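Subject: A structure for you to look at

Hi,

Here is the structure I promised to pass on. Please open it alongside this email, and then read on for what turned up in it.

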Amino acid sequence: MSQELKHPHPIKADQSSSFSGKSGFENLSIISPKLTPQTSIASTPLPIPVLDSLNDEEQKNKDQRKRELLPDELPVVECVARARIPTTQGQEIFLHLYSNNVDNKEHLAIVFGERIRSKSLFKQKPNESQADRMTRGAYVGKLRPGRTIADYDEITKETINFDDEGNIIPEQLPEEDIAKIVRIHSECYTGETAWSARCDCGEQFDEAGRLMGKAGLGCIVYLRQEGRGIGLGEKLKAYNLQDLGADTVQANLILRHPADSRSFSLATAILLDLGLDQIKLLTNNPDKILAVEGKDQKVKVVERVPMIPLAWRHANQGIQSQEVDGYLRTKIERMGHLLSKPIDI
Ligand SMILES: [Zn+2]
């Protein structure tokens with residue numbers, strides 16, 4: 001399951017532009033990234049990795065150096081509401097909405113399985129009624145007309161226990177359920193809502209949901225960091241630069257943005273709030289594993305589950321476009337993603 005796939009033809013830095021001699025972008029000076037205030041939460045932009053053959057020891061040292069760039073402290077997050085969402089796929093999910101102390105965006109956790117519970121949501125609050133708790137979504141079992149107690153479901157007999165300080169005492173899960181499937185997904189309006197075939201975000205999101213639905217347990221942490229953190233407006237400008245011949249990394253650098261300005265420390269904090277400290281991470285991005293584990297590795301990625309594009313697995317399925325081929329090629333060649341198929345464009 002967790003086999004590590006490497007690109008068969010490592011690419012050296014000086015060969016990495018697939019546009020040399022074609023577009024003129026190779027002559028543009030790369031402007032050093034402009035750090036915006038938003039990046040202070042952590043987003044130390046990681047340098048663009050160049051794939052090379054490192055032995056285990058060298059790889060460990062390299063990972064350690066990257067880990068040291070991560071923020072010392074995690075953001076403080078609080079789940080302010082949760083609701084059950086029946087889905088068109090048949091599987092119910094629990095949508096958790098989070099506030100935090102580093103930005104004013106509504107980050108989300110899409111949780112599969114009622115037994116994954118948020119510590120901050122369930123924490124007892126002074127003078128709070130059972131009706132208040134049910135309204136926030138801090139209940140066990142299922143809501144139904146006439147129900148009056150949040151902490152106990154009379155029909156299913158489920159109950160929750162609290163310690164003296166009003167913190168939920170987590171349920172002991174069977175061994176096989178301890179490590180849950182997790183995907184950290186960054187919002188992509190174009191790929192998820194506007195049917196874009198420039199990237200594979202919509203497909204990856206659907207595939208993550210399908211796998212978690214099948215397992216009955218799992219969590220997609222949905223971060224509101226559109227366009228690798230640069231926002232939708234800047235992403236649209238980057239698309240125009242791509243149509244003019246730049247690749248996705250070059251386009252961001254020309255716009256004075258880091259190649260990737262996302263931060264994953266919010267995701268780490270949300271996972272810890274949900275008690276998900278051992279996870280099977282769905283990703284092809286080795287830097288995401290480090291980033292999600294965080295500096296102190298409070299979250300442990302026990303397995304990496306690769307996300308293979310559908311179009312590579314089945315003819316006539318998935319996204320077929322020249323743009324998505326270029327996007328995936330850049331991920332592999334410029335950003336060190338662990339996908340094995342060489343793409344000819
Ligand atoms: Zn996308």
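**Overall picture**

The protein has eleven helices and seven strands. Please keep in mind that this is a predicted model. Buried residues make up 49% of the 345 residues. Of the contacts with a separation of 6 or more, 64% are between residues 24 or more positions apart. The accessible surface comes to about 17,800 Å², and carbon and sulfur atoms account for 51% of that.

**Confidence**

The average pLDDT of the protein is 82, and 82% of the residues score at least 70. Among the elements, helix H2 (residues 119-122) has the highest mean pLDDT, at 98, while helix H10 (residues 310-313) has the lowest, at 73. Two stretches call for a note of their own. Over residues 1-21 the pLDDT is below 50, and this stretch has 41 contacts in the model beyond near neighbours in sequence. Residues 29-52 also have a pLDDT below 50, with 47 contacts in the model beyond near neighbours in sequence.

**The zinc site**

Which residues coordinate the zinc ion? They are Cys188, Cys199 and Cys201, each through its SG atom, at 2.1 to 2.2 Å. In sequence these donor residues follow the spacing C-x10-C-x1-C. Cys188 and Cys199 link distant parts of the chain: Cys188 is in the loop between strand E4 (180-186) and helix H4 (189-192), and Cys199, eleven residues away, is in the loop between H4 and helix H5 (201-215).

Are these cysteines buried or exposed? Cys188 counts as buried because its relative accessible area is 4%, under the 20% cut-off. Cys199 is buried too, with a relative accessible area of 3%, and Cys201 is buried at 13%. As for disulfides, a search of the whole structure finds zero.

**Thr190, in helix H4**

Thr190 lies in helix H4. Its relative accessible area is 9%, so Thr190 is buried. Leaving out residues up to four places away in sequence, Thr190 touches Trp195, Ser196, Glu226, Leu232, Lys235, Leu236 and Tyr239.

**Two buried polar residues to look at**

Asp153 is in the loop between helix H3 (130-136) and E4. With a relative accessible area of 0%, Asp153 is buried. What does the side chain of Asp153 join in a polar contact? The partner is the side chain of Arg147, at 3.3 Å. Apart from neighbours within four places in sequence, Asp153 is in contact with Val140, Gly141, Lys142, Arg144, Arg147 and Glu158.

His96 is found in strand E2 (residues 92-100). His96 is buried as well, with a relative accessible area of 0%. The side chain of His96 reaches the backbone oxygen of Phe94 at 3.2 Å. Not counting residues up to four places away in sequence, His96 touches Cys79, Ala81, Arg82, His107, Leu108, Ala109, Val111, Ile116, Ser118 and Leu274.

**Backbone angles to check**

Most residues other than glycine have a negative phi. Where does the model have a positive value in a residue other than glycine? One case is Asn127, with phi near 60°, and another is Arg228, with phi near 50°.

Asn127 is in the loop between H2 and H3. At 81% relative accessibility, Asn127 is exposed, because the cut-off for exposed is over 50%. Arg228 is also in a loop, the one between strand E5 (218-223) and helix H6 (232-243). In contrast to Asn127, which is exposed, Arg228 is buried, with a relative accessible area of 14%.

I hope this gives you a handy way in. Happy browsing!

Best wishes

Note on methods
Residues are numbered from 1 along each chain as its sequence is written. This is a predicted model: local features need pLDDT of at least 70, side-chain atom pairs count only at pLDDT 80 or more; totals for chains, interfaces and linings use all residues. Side-chain values use heavy atoms; hydrogens and water are left out. Donors are N, O and S atoms within 2.8 Å of the metal (3.2 Å for Na, K and Ca); water is not among the atoms, so sites may look incomplete. Helices (H or I, at least four residues) and strands (E, at least two) are DSSP runs, numbered from the N terminus. Buried means under 20% relative accessible area, exposed over 50%, partly exposed in between (1.4 Å probe, protein chains only). A polar contact is a pair of N or O atoms within 3.5 Å; within protein, one must be able to donate a hydrogen and the other to accept it, and residues adjacent in sequence count only if both atoms are side-chain atoms. Contact means heavy atoms within 4.5 Å. pLDDT is the predictor's confidence in each residue, from 0 to 100. A disulfide is a pair of cysteine sulfur atoms within 2.5 Å. Accessible areas come from the Shrake-Rupley method with a 1.4 Å probe; for residues, only the protein chains shown count as cover.
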